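Let me put the structure up before I write anything down.

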Amino acid sequence: MPSFKEIVPELAELAIELPSWAFGNSGTRFKVFPQPGVPRDTFEKITDAAKVNELTHLAPSVALHIPWDKVDDYSKLKKHAEELGVTLGTVNSNTFQDEAYKFGSLCHHDANVRQQAINHHFDCIDIMHETGSRDLKIWLADGSNYPGQADLRSRQDWLTDSLAAIYERIGDSQRLVLEYKFFEPAFYHMDVPDWGTAYAQVAALGDKAMVCLDTGHHAPGTNVEFIVMQLLRLGKLGSFDFNSRFYADDDLIVGAADPFQLFRIMVEVIRGGGFGKGTDVAFMLDQCHNVEPKIPGQIRSVLNVQEMTARALLVDREALGDARNDGDVLRANAILMDAFHTDVRADLAAWRAAAGLPEDPLAAFAESGYAERIVEERKGGKPAGWGV
Ligand code: PSV
Ligand code: MN
């Protein structure tokens with residue numbers, strides 16, 4: 001197995017994009033439990049995200065969600081981010097909260113509604129030009145609840161046409177990234193339910209169109225790392241939305257429910273050339289912290305990704321290849337498991353200390369007084385949250 005020291009140069013490449021919405025209030029359809037000190041606007045969300053990066057050096061960019069993160073002046077927002085040492089990342093469109101989208105957006109049976117949704121994406125692309133963002137991420141809530149409700153085939157054709165109209169506006173250094181999800185909010189069918197559909201749609205568009213894999217968007221038992229392998233093999237893995245799930249789209253802290261799955265995913269990412277210099281795969285979080293504090297929740301998340309990436313880099317690939325070629329099932333499995341069972345926490349802490357970072361970023365955050373300060377400072381105004 002390689003030593004920790006040997007994997008450091010590659011590990012140092014890890015960069016994780018934080019979702020602006022993780023810092024606002026969130027909840028389930030039953031209740032949102034508000035937390036004191038949450039940001040009241042996008043500027044404050046960026047400030048909190050920058051704190052995560054300051055303590056970990058793992059999170060140099062922040063994803064925006066439009067209209068949740070609409071501001072009057074995006075160049076001012078960009079400057080604010082840069083002053084805090086971060087950049088503005090992926091722009092997520094939102095076609096799931098307007099009355100018009102009751103029966104869908106880009107796949108709606110009414111051409112006027114489809115055009116409204118297309119126009120929203122044009123607005124997002126305009127914003128990307130101002131923020132310097134590379135990726136436009138599209139997740140659609142489109143689908144139906146009852147057999148017979150909708151014409152599945154026509155909706156797929158409308159999707160193709162709508163995406164083509166959006167893709168035409170994508171700049172040379174920009175990308176369109178299409179996310180899939182197998183159910184919710186629609187329960188009978190979703191128009192982009194799986195990686196195959198997302199792949200077919202983006203492949204028809206061109207080189208600047210990719211797939212986003214949200215780890216929480218699969219049926220229980222799905223071999224997610226197989227999908228990672230396949231999308232990388234096809235050159236179409238654009239990004240990850242990392243989170244973890246016990247049941248559905250739980251949006252829990254990545255690596256919390258199943259660290260082994262995260263490890264297996266990172267093994268395939270590395271195997272497939274999706275990690276490190278020269279790759280364009282974006283690692284993002286898509287999470288909500290409903291009952292735990294948000295900034296520590298994000299710190300925990302990026303540390304979890306770092307830990308499992310380190311373990312995945314520790315896999316002795318040569319020995320693994322030999323074992324596979326020998327048909328030695330147990331040896332191959334043992335080599336993989338050796339890396340997974342390696343506790344890298346002390347090495348990571350020492351590496352952080354050597355880089356001038358806190359050994360324990362969570363403790364450093366608790367001691368910094370930042371949480372208390374924002375509770376004091378952020379009085380008045382409307383706390384950010386879904387739909388705000
Ligand atoms: C949908 O469940 C999703 O995963 C999409 O990425 C959305 O943009 C995001 O969640 C909103 O939290
Ligand atoms: Mn997502």
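A term to settle before I start: I call a residue buried under 20% relative accessible area, exposed over 50%, and partly exposed in between (1.4 Å probe, protein chains only). This is a predicted model, where local features need pLDDT of at least 70, side-chain atom pairs count only at pLDDT 80 or more, and totals for chains, interfaces and linings use all residues. Residues are numbered from 1 along each chain as its sequence is written, chains are lettered from A and ligands numbered from 1 in the order in which they are written, and side-chain values use heavy atoms, with hydrogens and water left out.

Entry one, the metal. I looked up what holds the manganese ion (ligand 2), counting as donors N, O and S atoms within 2.8 Å of the metal (3.2 Å for Na, K and Ca); water is not among the atoms, so sites may look incomplete. The protein donors are Glu179 (OE), Asp214 (OD), Asp241 (OD) and Asp286 (OD), at 2.1 to 2.2 Å from the ion.

I checked their strands (DSSP runs of E, at least two residues, numbered from the N terminus). Asp214 sits in strand S8 (residues 209-214) and Asp241 in strand S9 (residues 237-242), 27 residues apart, so the pair links distant parts of the chain. Asp214 is buried, because its relative accessible area is 0%. Asp241 has 1%, so I count it as buried.

Key: Helices (H or I, at least four residues) and strands (E, at least two) are DSSP runs, numbered from the N terminus.
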